[in-house]
Amino acid sequence: MKPAAETEPDMREKPLNLRHLRVFLAAARTGMISRAAEEMHITQPAASQAIHNLEERFGASLLRRGKGGVAPTGAGDVLADRMERAFRHLDAADSILSRRAAPLHSHTTSAQLEALTAIVQQGSFVLASRAVGVSRASLHKSLRELERVVGTSLFETTSFGVRPTRVAEAFARHARLYRHELDQAGAEIAALGGGETGRTVVGAMPLARSYLLPKAVSVFTQDHAGHRVSILEGPYESLLLGLRRGEIDFLIGAMREDLPARELVEEPLFDDVLSIVMRAGHKLAAQAEVPPHLLTAYPWVAPRSAAPLHAHFVDLFAGAGLAPPSDIVECSSLNAARILLMESDRLMLLSNAQIVLERAAGMLVSRPHPAGRISRAIGLTYRADWRPTQAQSTLMGAVRRLAAETFGHGKAGF
């Protein structure tokens, strides 16, 4: 399942040659290109050419040559560090595959790893071949070679086509995280030279994408025009899957009491105060508060059952000793909910943080929750082992500052 329809394959650029990376890492570790050549069982000219190819790819010198050997430059230190992190992801894949042979990164190729991740992500060989930019025959060949290396089948044929095994899905997640570290290396090396590249993919749940995230991105891009920001929306479960795969860098939205994955962490931003929302001309808009006994006198827009807000919706009526309303429209889209509210007398349990612009424009109004100050925690979710680039850290800083300035200390409520 893909995290969102808006995602574009980031495989259009040819992946870094894994063998070239290993040559560079060996040279950086030993301080000698000749020793790196010996370790890799290639000639010294071939080793030098491999490193030269990487330097052309990154647009920076990676090794400083001297009489006593070689040493990493600043860019070389960045690449070596990110490679160590990348290889740890492949080592984790080794444990999933129960392999006892040499490390996976010493027997696989970038083409094989790209083939695996593309097929798992796209769901078919046809779509995967388009994403990677190679023929289906080449994709099949890379996959067969990879299966020989790992010693197990990674896909099974069903009546609906080819389906990855559970092992393949777990393997692909680590392979994608491996690729993500190398992408981060490219952005950091470019930044060392004064360039602005890189990309941040943010999974935004309804509250974040209505105001907080777009505003933060607008502020961020004023000074980081070369950094690409992608905002993805979708069900929480789908966004979470993309986060764990490395396809999304961080999420913004309602925090969950029990995270479904141990490798994820949550960082609170602010407490989101819930209120009763309605159109500006609604009969109840003339009152400072909504009398509890009138809660069921009007139709409602309700959150979907899987959303964290649904429990608050149920408690709203239970706390007043009322049965839930029968006339409801279940909706998880703020755009659709806005029309439903403005074109009828429907009510909705929502937060002022989600209707900042609508309130300012006089389109919608809100009234306090009948039970008092009821709130939910809004925060960031990211992988525990994720290390953002400087630009990504700056973007997250913009989100934190805007959240504190706009919604901190009860500003999102009454």
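Visitor: How far is the charged end of R256 from the centre of the ring of Y236?
Guide: A charge sits over a ring if NZ of Lys or CZ of Arg is within 6 Å of the ring centre and within 35 degrees of the ring normal. The charged end of R256 sits over the ring of Y236, and its distance from the ring centre is 3.6 Å.

Visitor: Which pLDDT do local features need in this predicted model?
Guide: Residues are numbered from 1 along each chain as its sequence is written, and side-chain values use heavy atoms, with hydrogens and water left out. The model is predicted: totals for chains, interfaces and linings use all residues, side-chain atom pairs count only at pLDDT 80 or more, and local features need pLDDT of at least 70.

Visitor: How many of the ten residues of helix 10 are buried?
Guide: Helices (H or I, at least four residues) and strands (E, at least two) are DSSP runs, numbered from the N terminus. Buried means under 20% relative accessible area, exposed over 50%, and partly exposed in between, with a 1.4 Å probe and protein chains only. The buried residues of helix 10 include Y236, L240 and R245. Helix 10 (residues 236-245) is largely enclosed by the rest of the structure, because the number of its residues that are buried is seven of the ten.

Visitor: Which residue just after helix 10 takes a positive phi?
Guide: Most residues other than glycine have a negative phi. Just after helix 10, a phi of about 90° is taken by G246.

Visitor: Which residue has a positive phi although it is not a glycine?
Guide: The residue is found in the loop between helix 2 (33-40) and helix 3 (44-58). At 73% relative accessibility, H41 counts as exposed. The positive phi of about 60° belongs to H41.

Visitor: What is the angle between the ring planes of W300 and F317?
Guide: Rings of Phe, Tyr and Trp (its six-membered ring) pair if their centres lie within 6.5 Å; planes under 30 degrees apart count as stacked, over 60 as edge-to-face and the rest as tilted. A search of the whole structure finds nine aromatic pairs. The pair of W300 and F317 is edge-to-face, because the centres are 5.2 Å apart and the planes stand at 80°.

Visitor: How many residues apart in sequence are the parts that the pair of W300 and F317 ties together?
Guide: Both W300 and F317 are buried. W300 lies in strand 9 (residues 300-302) and F317 in helix 11 (residues 308-318), so the pair ties together parts whose separation in sequence is 17 residues.

Visitor: Is the aromatic pair of Y382 and W386 stacked or tilted?
Guide: Y382 is buried at 18% relative accessible area, and W386 is buried at 9%. Their ring centres are 6.1 Å apart with 50° between the planes, and the pair is tilted.

Visitor: Where in helix 9 does the kink lie?
Guide: The bend at a residue is the angle between axes fitted to the seven residues ending there and the seven starting there. The kink is about 45° and comes shortly before the proline P214, at L212.

Visitor: What is the C-alpha to C-alpha distance between I355 and R338?
Guide: I355 is in the loop between strand 11 (347-351) and helix 13 (356-360) and is buried, with a relative accessible area of 0%. Leaving aside neighbours within four places in sequence, I355 is in contact (heavy atoms within 4.5 Å) with V277, L350, L364 and S366. I355 and R338 are 17 residues apart in sequence, and their distance in space is 9.1 Å.
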